[in-house]
Each structure stands twice: as structure tokens, then as C-alpha cells.
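Have your viewer ready and follow along.

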Amino acid sequence: MSDAAALRLPWAVSAEPVGSPDAEALLREYYTEVADRYFALHEGRRSTPEEIDEGVAEYPSTDLTPPHGTLLVARHGEVAAGCVGVRMLDARTAELKQMFVRAARRGRGGAGVLLTAAERVAAQLGAERIRLDTRRDLVEAVALYRRHGFVEIDPYHEDPYAEIFFEKRLEEDEGR
């Protein structure tokens, strides 16, 4: 398929069980990418499969299930190309988790489609705001969140890998 044809493929986002084959593959790729970038920056190496297994176990996605959370999978054409999780922190605050688009599908609008869908799900769950944390070395993610109206806030939890925290107020018409 030509690059021009790939750019015209539609994006479709839907909720999917965390344990589905596509979801498990996307989440593992997400952890591998963020771990590889961390280890490259701090230790000059890539992650090992064992470290990825440990990361997946340490940061499980089991809370991305109804009624207080959702995992969304984006398909570009027929290909599972990205994911994002939404979970409720309290009655009015949602959290964005594991935002990821496969490298081969980046630059085609998928991240924006996923963010919009995540905000809609958060509003449907009753959230008035959505928060997230990320690392400063994930510069593309930081730029994406700022571009989509997220503003930097004080830390709302402690995690050794969380360096920058964002929040966005959800509009009244986003599903409520």
C-alpha cells in the first residue's frame, strides 16, 4: 500500500477487553517502547524481555475495565494500531493511561482520535477532568497533550517514572 493510500485509511476506536490478543500486543509494545527509551537514556541499553514482563506485572491494566475504566483500541483500516486506557480516580476525575500508537502508524492522526475518544469515555463515566502523568523524555507525548489542551499541574501521585503531570477540564457536551 502506498503512503498516500495509508494516509486515507479511516481510524476507528472501540472498547476492547484488556485480555484480547490485540490489546495485549499493544500494551506490551507500549511498555517495551517506554522501557527501551528509559534504559537508553539512563543506562545506554534496551530493555530485556524479563524487564518488560516485570513492568507489565507492576503496572497491570486490569483497572481499565467497566464500570470504572475502559481500554480503547484504535484501528487504522483493519490493523490494531494504538490504544489508550481511561480509569476513574474518583467520582469526578479520570486518568489517561497507556496512550500508544504503533510507530508505523504515527503521524496519521491516530493519537488525536484516541485522545478525543478517551475524553468522551471519561465524560460518560462522569468525569469533569482528566489527568495523566508522563516522562519529560517522551517529548512527543508532552507536545501532544499540550496541543490538545492539557495543562501542567502539581503531582497527584508518586511514581518514580512520573515526571510531569497534566490535566484537562472536560466540556459539558462531551457525553454528559
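Seven strands make up an open sheet in the order S1-S2-S3-S4-S5-S7-S6, with mixed pairing. Helices (H or I, at least four residues) and strands (E, at least two) are DSSP runs, numbered from the N terminus, and two strands pair if DSSP finds at least two bridges between them. The edges are strand S1 (11–15) and strand S6 (151–153), each of which pairs on one side only. On average, neighbouring strands of this sheet are turned by 30° against each other, direction ignored.

A word on the ground rules: this is a predicted model, in which local features need pLDDT of at least 70 and side-chain atom pairs count only at pLDDT 80 or more, while totals for chains, interfaces and linings use all residues. Residues are numbered from 1 along each chain as its sequence is written, and side-chain values use heavy atoms, with hydrogens and water left out.

**Strand pairing**

Strands of a sheet pair through backbone hydrogen bonds, either parallel or antiparallel. S2 and S3 run antiparallel and are joined by eight bridges; within this pairing, Leu-71 has Gly-85 of S3 as its bridge partner. The hairpin of S2 and S3 has two residues between the strands, and Gly-77 there takes a positive phi near 70°.

S3 also pairs with S4 in the antiparallel sense, over seven bridges. These two strands form a hairpin with two residues between them, and Asp-90 stands opposite Thr-93 in S4. Further along the sheet, strand S5 (residues 129–134) and strand S7 (residues 164–169) are antiparallel too, paired over six bridges. Asp-133 has Phe-165 in S7 as its bridge partner.

**Helices on the sheet**

Which strands does H2 touch? H2 packs on the sheet against S2, S3 and S4, and its direction makes about 85° with that of S4. Helix H5 (residues 139–147) lies across S4, S5, S6 and S7, running at about 25° to S7. For these angles, axes are lines fitted to C-alpha atoms, for helices over the stretch in contact, and angles run from 0 to 180 degrees between N-to-C directions. Contact means heavy atoms within 4.5 Å.

**The nonpolar core**

In soluble globular proteins, nonpolar side chains tend to be buried together. Here the largest nonpolar core has 46 residues, and those with the most contacts inside it are Leu-96 and Tyr-145. Such a core is a set of buried Ala, Val, Leu, Ile, Met, Phe, Trp, Tyr and Cys residues joined through side-chain atoms within 4.5 Å. Buried means under 20% relative accessible area, exposed over 50%, and partly exposed in between (1.4 Å probe, protein chains only).

H2, S2, S3, S4, H4, S5, H5 and S7 are the elements that give two or more residues to this core, and the largest share, eight residues, comes from H2. Not counting residues up to four places away in sequence, Leu-96 touches Val-84, Gly-85, Leu-115, Ala-118, Ile-130, Arg-131, Leu-132 and Tyr-145.

**Charged pairs**

How many salt bridges does a search of the whole structure find? There are 18, a salt bridge being a side-chain nitrogen of Lys or Arg within 4 Å of a carboxyl oxygen of Asp or Glu. Three of them are listed here.

| Glu-29 | Arg-102 | 2.7 Å |

Glu-29 and Arg-102 form a salt bridge that links distant parts of the chain, from helix H2 (residues 21–43) to the loop between strand S4 (93–101) and helix H4 (110–124), 73 residues apart. Glu-29 is partly exposed at 31% relative accessibility.

Asp-63 is partly exposed at 30%, as is Arg-87 at 21%. Salt bridges that share partners also join Glu-33, Arg-37, Arg-106 and Glu-140 into one network.

Finally, Arg-45 lies in the loop between H2 and H3 and is partly exposed at 29% relative accessible area. Leaving aside neighbours within four places in sequence, Arg-45 is in contact with Asp-36, Phe-39, Ala-40 and Glu-51. With Glu-51, the side chain of Arg-45 makes a side-chain polar contact of 2.6 Å (a pair of N or O atoms within 3.5 Å; within protein, one must be able to donate a hydrogen and the other to accept it, and residues adjacent in sequence count only if both atoms are side-chain atoms).
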